[in-house]
Amino acid sequence: QKVWVREGSSAVLPCHLSPRKTRESSKRLPDKISVLWRRHGGRYAKANRDTSPSWGPHVVLEVGYSGLQKTALLMKPRVSLQDSALRNGNFSLRIAPVRSADVGLYEAQVTYRTEVHTHAATPNLLFAVTLSPPSPVIGNELLLMTCNSSHRASLVETCWFHNEHLGPTSRKVCSSSRTLSISRPAMSDAGSWRCQLRYSDKEIIFATFNLQILGELTDPVVYAAAGSAADLPCSLSYLPRAFGMSVVAAHWSHLAGGHLQNWNISRNVNSRSFPLHLPVVGPGDAGQYRCAVSVGHKTITRDVTFSFATVTPSIQGPVSEGNHLQLICSLTHSQGHERFQWTHLDSAPTKSNLAVAAPRNLEGHSSWMGPILERPQVSQKDSGAWECSVHGPEGRLGAVEYDLQITGTVPYRSANLFFSPYLALWCPFHTQLHPVLLPLDH
């Protein structure tokens, strides 16, 4: 019987009393029973502490009638019997963890009453998938994954499966080579992998493993508007100390107007996030930022784009009633997939002409799609706060508000308007509206 096992995992070489013998025996086996597991071939060291290597059959584990146990020196304490009591007909040998030198033919000899029973099992070791460079894998570095086996038949095909049960994200790659190359591993490459080897003798063996990539998780584009605060994200997928590594430092840099700006983030071995906080941003802050995190002897870098949102009116200066007006919403660093939506929030004036708008309930407000809001003839009902929100495949990315003020006169809406000798005009330039009464002849 062949037993396939990965290096570093545990192996069970089965040996059980036949069902017929179990039925013929009493509820439990006799007290006098012995088990001897021997191995044929391979390097070993004798149990009598002679550490010189030799070849040939040798004792791996022996349990005598008295219960005294002997174990081969090089396999102690990695070998044991699954049922140490030896009373239930289970004499299987457990090896944990398995090493590459454990490959070979193992034979079990069980003696009870006057009967001797033998059973043979061969652990054909399938090496664990090896990574180059070793784990943890740093994002964007060349990764080689190799799947090897001690099986001696000719290899026909190697297939790699990634996230087999996750629908559209699953992948399958087959070739005659044992090695799979990923030039720039990303977070999408992390997760469950299975390596399957198919041989000329129709033997198929496989190994599974979980690929962990230490890299950046966050969206590399941040959207903001003038006068607001912005946080540029830089976080690792795992806590570095989980791999026995310490974070040396996190460093941010930004090239603006020919000058290189630098920020150093204090080390924190208990955190995997190193954001850059900008308290008040302006158009000059837009552009590319680079975050560099030193982990052990390696540095992980990530470029973050800071895109600045602006609203530009087609009329510079006061806007009068009846004017044709366009409000143009734009981004300094567009990715090409953004969608724009205009919403008239209310007529209440805002504190600033341009600010980041927090998500709010817009139910009941009219909306217009596209980067340009066009009003053929503006009127007082168009005044107030307009929001231009930016959307992407992942949802709402951000928003900017523009406060539209319109000059002109508005007749006082009163049932007695035409029966009064005075006409009421409203001046919209003040925080509080003040009526001005003029005689009709004026």
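Okay, let's start with an arginine: the charged end of Arg 194 sits over the ring of Phe 206, 5.3 Å from its centre. By "sits over" I mean NZ of Lys or CZ of Arg within 6 Å of the ring centre and within 35 degrees of the ring normal. Arg 194 also has its charged end over the ring of Phe 161, and there the distance to the centre is 4.4 Å.

Quick housekeeping. This is a predicted model, so local features need pLDDT of at least 70 and side-chain atom pairs count only at pLDDT 80 or more, while totals for chains, interfaces and linings use all residues. Residues are numbered from 1 along each chain as its sequence is written, and side-chain values use heavy atoms, with hydrogens and water left out.

Now the overall picture. The chain has one helix and 36 strands; these are DSSP runs, H or I of at least four residues for helices and E of at least two for strands, numbered from the N terminus. Of its 442 residues, 39% count as buried, and the cut-offs are under 20% relative accessible area for buried, over 50% for exposed and partly exposed in between, with a 1.4 Å probe and protein chains only. As for contacts, meaning heavy atoms within 4.5 Å, take the ones between residues at least 6 apart in sequence: 60% of those join residues at least 24 apart.

Which strands make up the open sheet here? Four of them, in the order 14-13-16-17, with antiparallel pairing; two strands pair if DSSP finds at least two bridges between them. Strand 14 (171-175) and strand 17 (204-211) are the edges, each pairing on one side only. On average, neighbouring strands in this sheet are turned by 15° against each other, direction ignored; the axes are lines fitted to C-alpha atoms, for helices over the stretch in contact, and angles run from 0 to 180 degrees between N-to-C directions.

Strand 16 (residues 191-199) runs antiparallel to strand 17, and eight bridges join them. Across that pairing, Trp 193 stands opposite Phe 209 in strand 17. The loop between strand 16 and strand 17 holds Lys 202. Lys 202 has a positive phi of about 70° although it is not a glycine, and at 74% relative accessibility it counts as exposed.

Next, the inside. A nonpolar core here is a set of buried Ala, Val, Leu, Ile, Met, Phe, Trp, Tyr and Cys residues joined through side-chain atoms within 4.5 Å. The largest one has 26 residues, and Trp 37 and Leu 93 have the most contacts inside it. Several strands give two or more residues to this core, including strand 1 (2-6), strand 3 (33-40) and strand 7 (93-95). Which strand gives the most? That's strand 8, with four residues. If we skip neighbours within four places in sequence, Leu 93 is in contact with, among others, Val 12, Trp 37, Leu 61, Val 79 and Tyr 106. Apart from that core lies another, of 24 residues, among them Ala 230, Leu 276, Ala 286 and Val 304. In soluble globular proteins, nonpolar side chains tend to be buried together.

While we're on loops, two prolines. A cis peptide bond joins Lys 76 and Pro 77, with omega about 5°, and Pro 77 has its place in the loop between strand 5 (69-71) and strand 6. The bond from Ala 96 to Pro 97 is cis too, with omega near -5°; Pro 97 is in the loop between strand 7 and strand 8.

On to aromatics. How many aromatic pairs does a search of the whole structure find? Three, where rings of Phe, Tyr and Trp (its six-membered ring) pair if their centres lie within 6.5 Å, with planes under 30 degrees apart called stacked, over 60 edge-to-face and the rest tilted. Trp 368 and Trp 386 make a tilted one, 5.3 Å centre to centre with 50° between the planes. Trp 368 lies in strand 30 (residues 367-369) and Trp 386 in strand 32 (residues 384-392), so the pair ties together parts that are 18 residues apart in sequence. Trp 368 is partly exposed at 30% relative accessible area, whereas Trp 386 is buried at 1%. Elsewhere in the list, Trp 263, Tyr 289 and Phe 306 form one aromatic cluster.

Last stop, a glycine. Gly 398 is in strand 33 (residues 395-404) and is buried, with a relative accessible area of 17%. Gly 398 and Ala 224 are 174 residues apart in sequence, yet 6.7 Å apart in space, C-alpha to C-alpha. Leaving aside neighbours within four places in sequence, Gly 398 is in contact with Cys 388, Ser 389 and Val 390.
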